[in-house]
Amino acid sequence: MSNPFVQIVEPLDPKQPLKKFFNLSKLEDVRYARLPFSIRILLEAAIRNCDEFLVKKGDVENILNWKVMQHKNVEVPFKPARVILQDFTGVPAVVDFAAMRDAVKKLGGDPEKINPICPADLVIDHSIQVDFNRQSDSLQKNQDLEFERNKERFEFLKWGSRAFKNLRIIPPGSGIIHQVNLEYLARVVMDQDGYYYPDSVVGTDSHTTMIDGLGVLGWGVGGIEAEAVMLGQPISMVLPEVVGYKLVGNPQPLVTSTDIVLTITKHLRQVGVVGKFVEFFGPGVAQLSIADRATIANMCPEYGATAAYFPVDDISIGYLIQTGRDKEKVMCTKRYLEAVGMLRDFKNSSQDPDFTQVVELDLNTVVPCCSGPKRPQDKVAVSDMKKDFETCLGAKQGFKGFQISPDRHNSIVKFNFEGCDFELAHGSVVIAAITSCTNTSNPSVMLGAGLLAKKAVEAGLTVKPYIKTSLSPGSGVVTYYLRESGVMRYLSQLGFDVVGYGCMTCIGNSGPLPESVVEAITQGDLVAVGVLSGNRNFEGRVHPNTRANYLASPPLVIAYAIAGTIRIDFEKEPLGINASGKKIFLKDIWPTRNEIQAVERQFVIPGMFKEVYQKIETVNKSWNALDAPSDKLYTWNPKSTYIKSPPFFDGLTLALQTPKTIEDAYVLLSFGDSVTTDHISPAGNIARNSPAARYLTSRGLTPREFNSYGSRRGNDAVMARGTFANIRLVNKFIDKQGPQTIHFPSGEILDVFDAAERYKQAGHPLIVLAGKEYGAGSSRDWAAKGPFLLGVKAVLAESYERIHRSNLVGMGVIPLQYLPGEDAGTLGLTGRERYTIIIPEKLKPQMNVQIKLDTGKTFHAIMRFDTDVELTYFHNGGILNYMIRKMAS
């Protein structure tokens, strides 16, 4: 490395004299010391991996004046150190790799060039469902059924681990990807190829940001972009703004990390941080454990930022030791960070960097809260929950409304369950799930839930038997300390048995509700409730029969399960009345912070982590017994309904095709704001009357064998039919919720897939109209692949969530954005027009393009290809086409 901006220093460790590291600038340079820590890691990675970066984009002075660089839209080639994947996004990635090998071979290249060149870990955590609960053997039964349903997918992934170098599979039953990353996979500092350098990661899951809580810069990308990274392609990004989030004060005794993150989520949605980094600083950070910080970083996608970074400090170093990492390596990590000025002291304000913008939160002002009923940013104080829900009942249909007529607000439906009579009403809790890496990674809230359960049982409280209760930890360590601390049996007594190690309810793998409960909900058209310790509660995500879903801390999940309803004021109304007739209030059983911390100090110890993780890759006997081929090219089974060679590369040639103007496109769907990737490509159950169900039935499957959309992401025929198949979809062309649209040439109302097929057969291109925050939520690449297969050439929206825009670019679908101050309303667009989008011969990033309507109206929109690299992908028809041509030539 000849660049004067980078010094190579040795030795860091006298025992390892060959170890070197990069130092971006002289540490005494004040300007370097003022760079946000997240920007230092980003620039270090760019410079380490790209000799041309400084030469191409400017000199040392420009790098150090990063605020000036921001306004010049400087393109940074970021190459992360690692990639992580989960199975819902990992299966389609490996399918793509297998198909890319075939395509490279057809074009005369070496198929084995399609291979990860950086470490990639795939954790199988999305396949297990809550089919069984409230039984001592629920865990085993759910895991057995998971293997029965997904054996073919798992065999395919095992083939991938053998066929591709640098791809490691963490078997099912091991935990949730982000918690496994936090507790085991993350290095903080890489020790590779003779160098030390900061750990960084991208993952095919939006909550990859959780690792930012440990000081590892990371964020979620679409599977398409991750595949390119794995093949050596840097992520091309415009240097982001960094919002400094200052934390001061101490949390109140009853407040949990969940309350803090829900408060931050609402705050930062109001501030507006889409496409930006958020970096936390201030003395309040020192009050937070790594698990607390990870909780806050985990929900970064919910407040819209790219990354939510906590620099490494002594608490981070202590966490590495607590979780059983090698002490000698941890000390090397600390010495490296000190040497390059990257070890943070949050109490020392002289270390505070310069930020684009600074916002502040006094932790003392945070109160216990939930979020809902349909979005994570809609925070509600627990003290206001009853009133807020009752207001939502009558409010107009929307994010905070169900439009239930006043005369039906107190409707009651009686039903029988297991021989006993019960009643359901609006607000009745039917799902209560302690789930998700957001919270189960945090011992304080998990032990808090356990202690609350203990006190509840001792006070004589119970949970109604029809409520679907579950506990799905993010790793085996959680079960270990819950069991050792003695609280596990109390959780079980309330119905919160361990049902599996995976995402489960948080991603919609809630499993079925009792038939009598579903019948009662349907009969009364009730707004039934799910309460979960997850990170997302979008419509249709958690369960088709829970129209209201609230995010809450694990202790509150148990509290609402005991109450049986969301319509309770905990301060004035008792949770229940025990057998002695005594009223038990929540305050009577809520554990203090001191109680929780004492148990945590005693039972969350390094030995647990070492014992769980030393056998993580071999502990699953069913996985070990799987037989998979080791051929370098995959042999596709034409009868498979899980794994299918995708049509993305059919007819691909080495020669580029010039992008053409999109002429006379019909609008397939017209949306409002906050359309999520769950709306575009649902992950949950496959409705029996859907196009995907009809396809699977035609292949000889019964509804019991349908599994979920998420599990079938290796089969494009299912996923194309599942695109826009969410039962809560709101299409402006239709006056009710549902996955349908108008086929304008005939005037018929059809399922979205069927309408798209008609347009395709007639040779008509399609576009989608949308409002703000289009593509919010998960990083799923099928939310871009699906529309591509339906024939959607472009999306015209007011704004995009970062990952989804990137996925559209990756598939060659044009993301168009209205000019500032304009939208469908101001332009008078109905969606019934036909659209011609003029594509100029010479393209440049974020240029304005002309759109002509068949009505004679003309307007302009921004073509959201943000960098020259993204334009290169577009000319190639997408990232994967670009990589195939690159490898083949």
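Let's start at Ser 441, which sits in the loop between α16 (437–440) and α17 (443–458); helices here are DSSP runs of H or I with at least four residues, strands are runs of E with at least two, and both are numbered from the N terminus. Ser 441 has a relative accessible area of 4%, so it is buried (buried means under 20% relative accessible area, exposed over 50%, and partly exposed in between, with a 1.4 Å probe and protein chains only). Leaving aside neighbours within four places in sequence, Ser 441 is in contact with Gln 179, Met 210 and Ala 291, where contact means heavy atoms within 4.5 Å.

A word on the model before going on. It is a predicted one, in which local features need pLDDT of at least 70 and side-chain atom pairs count only at pLDDT 80 or more, while totals for chains, interfaces and linings use all residues. Residues are numbered from 1 along each chain as its sequence is written, and side-chain values use heavy atoms, with hydrogens and water left out.

Now for the nonpolar interior. A nonpolar core is a set of buried Ala, Val, Leu, Ile, Met, Phe, Trp, Tyr and Cys residues joined through side-chain atoms within 4.5 Å. The largest one has 289 residues, and Phe 280, Tyr 560 and Tyr 774 touch the most other members. Helix α6 (residues 87–106) gives this core its largest share, eleven residues. Another core, of eleven residues, lies apart from it and includes Ala 693, Tyr 695, Leu 701 and Tyr 709.

What about empty space? Rolling a probe the size of a water molecule over the atoms shows where it is left. On a 1 Å grid over the protein atoms alone, a cavity is a set of points where a 1.4 Å probe fits but cannot get out; a pocket is an open set with protein on both sides within 12 Å along at least five of seven lines, and lining residues have an atom within 4 Å of a point. Grid points are joined across faces, edges and corners, and a volume is the space filled by probe spheres set on the points.

The largest pocket holds about 1,500 Å³ of space. Its lining has 44 residues, with Asn 685, Ile 686, Ala 687, Arg 688 and Asn 707 nearest the centre. By class, this lining has 19 nonpolar, 14 polar and eleven charged residues (Ala, Val, Leu, Ile, Met, Phe, Trp, Tyr, Cys and Pro count as nonpolar, Asp, Glu, Lys and Arg as charged, and the others, Gly among them, as polar).

There are also eight cavities of 30 Å³ or more. The largest cavity has a volume of about 200 Å³. Of its 23 lining residues, His 126, Asp 205, His 207, Ile 507 and Arg 541 are the closest to its centre.

Finally, look at the backbone. Most residues other than glycine have a negative phi, and most peptide bonds are trans. The bond from Gly 372 to Pro 373, however, is cis, with omega near 10°. Asp 525 has a positive phi of about 45° although it is not a glycine, and at 39% relative accessibility Asp 525 counts as partly exposed. Phe 724 also has a positive phi, near 60°, but Phe 724 is buried, with a relative accessible area of 1%.
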